[in-house]
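I opened the model today to look up a few places in it. My notes are below, in the order in which I took them.

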Amino acid sequence: MSSIKYISTTALAKEMKIPAKDLFHKLLEKGFINRENDNWILTDLGKKAGGVMKTHPQYGTYIAWDEENKSLLFSSEEDKLLNATTLSKHFNVSKFRMNPILSELGLIEKAVKGWTLTKLGESLGGQQFEYVQTGIPYVCWNENILTNKRLLETIQSIQGVSNAEEKEVKTTSSLGFREKFEAKHRTADGHYVRSRAEMLIDNWLYMSEIVHAYERKLPIEEDVYCDFYLPVGKVYIEYWGLENDEKYLERKNIKLDIYNKYGFKLIELEDADIQNLDDILPRKLLKFGIQAY
C-alpha cells in the first residue's frame with residue numbers, strides 16, 4: 001500500500017499559478033484554515049478535506065494537502081463561478097469599484113457588511129454565498145455576466161469609451177415620442193428635459209441636494225429609459241403626463257410591467273402632484289429611506 005503524498009499550500013499555489021496569499025485567503029474563506037497569533041492553523045473542516053500539519057526542520061510548521069485529492073478543495077459549485085475580484089481583473093477596474101458598479105446596476109445591494117443579491121441579479125445568474133468564518137454575504141456570477149450588455153456599457157462609460165451604438169438605440173427606441181417632445185427645458189443643474197413638469201421635478205431634486213440622473217437607461221436588456229434615477233436608494237421616478245393619450249398609456253403599462261418584473265423601486269408622479277412636490281415627494285422618498293430635508 002503506497003503512502004499518502006502531501007503538497008504544501010505554497011507549492012499548491014505555485015502549481016495553480018496564483019499568488020500564495022490569494023490561495024491562503026481562499027482557503028480561509030472556505031473555512032479550511034484559520035489565522036491565530038500570526039500563524040495559519042488547520043480547522044476540522046480542513047482536516048476532513050485532506051489537510052495535515054507538517055513540520056520541516058528548516059521552515060517549521062506548515063499546512064499540507066493530500067496531493068491525490070487536492071482537486072476536491074475547489075470542486076464546489078461556487079468555485080465554477082466568478083467573484084467580484086475575478087470580474088475586476090477581467091474588466092481591468094479596481095477591485096474596490098466592482099461591487100459598487102454591480103450595485104449601481106441594481107444587481108446587488110449593500111448589506112450591513114458585504115453584498116446581497118437582488119431579484120434582477122438573480123435573474124442574470126447571480127448566486128448568494130457567505131464566508132464561513134464571518135457569515136458576511138457575497139455574490140458570485142456565471143460567465144454570462146461577462147457579456148451582459150448593460151454591464152459592458154457601464155464599464156465602457158467608466159473607462160471613458162464612447163458608445164455610439166447606445167446613442168443610436170436611444171434615439172430609435174421611441175423615436176416618435178422623442179421627436180414630439182424635444183428636450184429643450186433647461187433645469188437649474190443644466191439638464192435639458194422634455195416638459196415643464198419634468199423641469200420642476202429636476203429642480204426640486206437639485207434644490208433638495210438629491211443626486212439624480214435624467215433619462216437613464218434601465219439596467220436590463222430591454223431598451224427602456226426612466227424619467228429620473230436616484231443612485232441613493234436605487235429609486236426610479238416616472239412622471240405620467242399624458243394620461244389621455246392611448247399610445248402613451250400603452251407605453252406606460254409596458255414600463256410598469258418591466259418595473260414590476262425586475263422588482264425596481266418606483267415613485268410615480270402625475271399632473272396633480274407637480275404643484276405639491278414639497279408635500280408629496282418627501283413622503284414618497286421616505287418610503288425608500290431617502291430623507292429630503
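This is a predicted model: local features need pLDDT of at least 70, side-chain atom pairs count only at pLDDT 80 or more; totals for chains, interfaces and linings use all residues.

**Entry 1**

**Entry 1. Helix H2**

I started with helix H2, residues 20-29. I listed its buried residues as Leu 23, Phe 24, Leu 27 and Glu 29. I then looked up what these residues pack against, and found helix H1 (9-16) and the strands E2 (33-36), E3 (39-42) and E5 (60-66).

Lys 26 also sits in H2. I put Lys 26 down as partly exposed, because its relative accessibility is 27%.

Just after H2 comes Gly 31, with a positive phi of about 80°.

**Entry 2. Arg 35 in strand E2**

E2 was on the list of elements packed against H2, and Arg 35 is found in this strand. With a relative accessibility of 40%, Arg 35 counts as partly exposed. I followed its side chain to the backbone oxygen of Asp 38, which it reaches at 3.2 Å. I also checked Arg 35 against Gly 114: they are 79 residues apart in sequence, and their C-alpha atoms are 21 Å apart in space.

**Entry 3. Helix H4**

Which residues of helix H4 are buried? In H4, residues 84-91, I found Ala 84, Leu 87, Ser 88 and Phe 91. They lie on the same side of H4, because they cover an arc of only 100° around the axis. The general rule I keep in mind is that an α-helix has 3.6 residues a turn, so residues three or four places apart point the same way.

The packing partners of these buried residues are helix H5 (95-104), strand E9 (137-140) and helix H7 (149-158).

I then looked at the two ends of H4. At its start, a side-chain oxygen of Asn 83 comes to within 3.2 Å of the backbone nitrogen of Thr 85. H4 is followed by Asn 92, which has a positive phi near 60°.

**Entry 4. The largest pocket**

I put the volume of the largest pocket down as about 1,000 Å³. Its lining is made of 31 residues, and those closest to its centre are His 25, Glu 29, Asn 83, Thr 85 and Thr 86. Two of these names were already in my notes: Glu 29 from the buried residues of H2, and Asn 83 from the start of H4.

Which element gives the most to this lining? I found that H2 does, with six residues. H2, H4, H5 and E9 each supply at least two residues. By class, I noted 16 nonpolar, six polar and nine charged residues in the lining.

Leu 117 lies in strand E7, residues 115-117. Leaving aside neighbours within four places in sequence, I listed its contacts as Leu 107, Ile 108, Glu 122, Gly 126, Gln 127, Gln 128, Val 139 and Trp 141. I also took Leu 117 and Ser 157, which are 40 residues apart in sequence; from C-alpha to C-alpha they are 24 Å apart.

Thr 118 is in the loop between E7 and helix H6 (119-123). Is Thr 118 buried or exposed? It counts as buried, because its relative accessibility is 12%, and the cut-off for buried is under 20%.

One is to the backbone oxygen of Gly 106, at 2.6 Å. The other is to the backbone nitrogen of Gly 121, at 3.1 Å. Not counting residues up to four places away in sequence, Thr 118 touches Gly 106, Leu 107, Ile 108 and Glu 109.

Most residues other than glycine have a negative phi.

Glu 209 lies in the loop between helix H10 (196-207) and strand E12 (213-214). Its relative accessible area is 74%, so Glu 209 is exposed. Glu 215 has its place in the loop between E12 and strand E13 (228-230). At 10% relative accessibility, Glu 215 counts as buried.

Key: Residues are numbered from 1 along each chain as its sequence is written. Side-chain values use heavy atoms; hydrogens and water are left out. Buried means under 20% relative accessible area, exposed over 50%, partly exposed in between (1.4 Å probe, protein chains only). Helices (H or I, at least four residues) and strands (E, at least two) are DSSP runs, numbered from the N terminus. The arc is that of the directions from the helix axis to the C-beta atoms. Contact means heavy atoms within 4.5 Å. A polar contact is a pair of N or O atoms within 3.5 Å; within protein, one must be able to donate a hydrogen and the other to accept it, and residues adjacent in sequence count only if both atoms are side-chain atoms. On a 1 Å grid over the protein atoms alone, a cavity is a set of points where a 1.4 Å probe fits but cannot get out, and a pocket is an open set with protein on both sides within 12 Å along at least five of seven lines; lining residues have an atom within 4 Å of a point. Grid points are joined across faces, edges and corners, and a volume is the space filled by probe spheres set on the points. Ala, Val, Leu, Ile, Met, Phe, Trp, Tyr, Cys and Pro count as nonpolar, Asp, Glu, Lys and Arg as charged, and the others, Gly among them, as polar.
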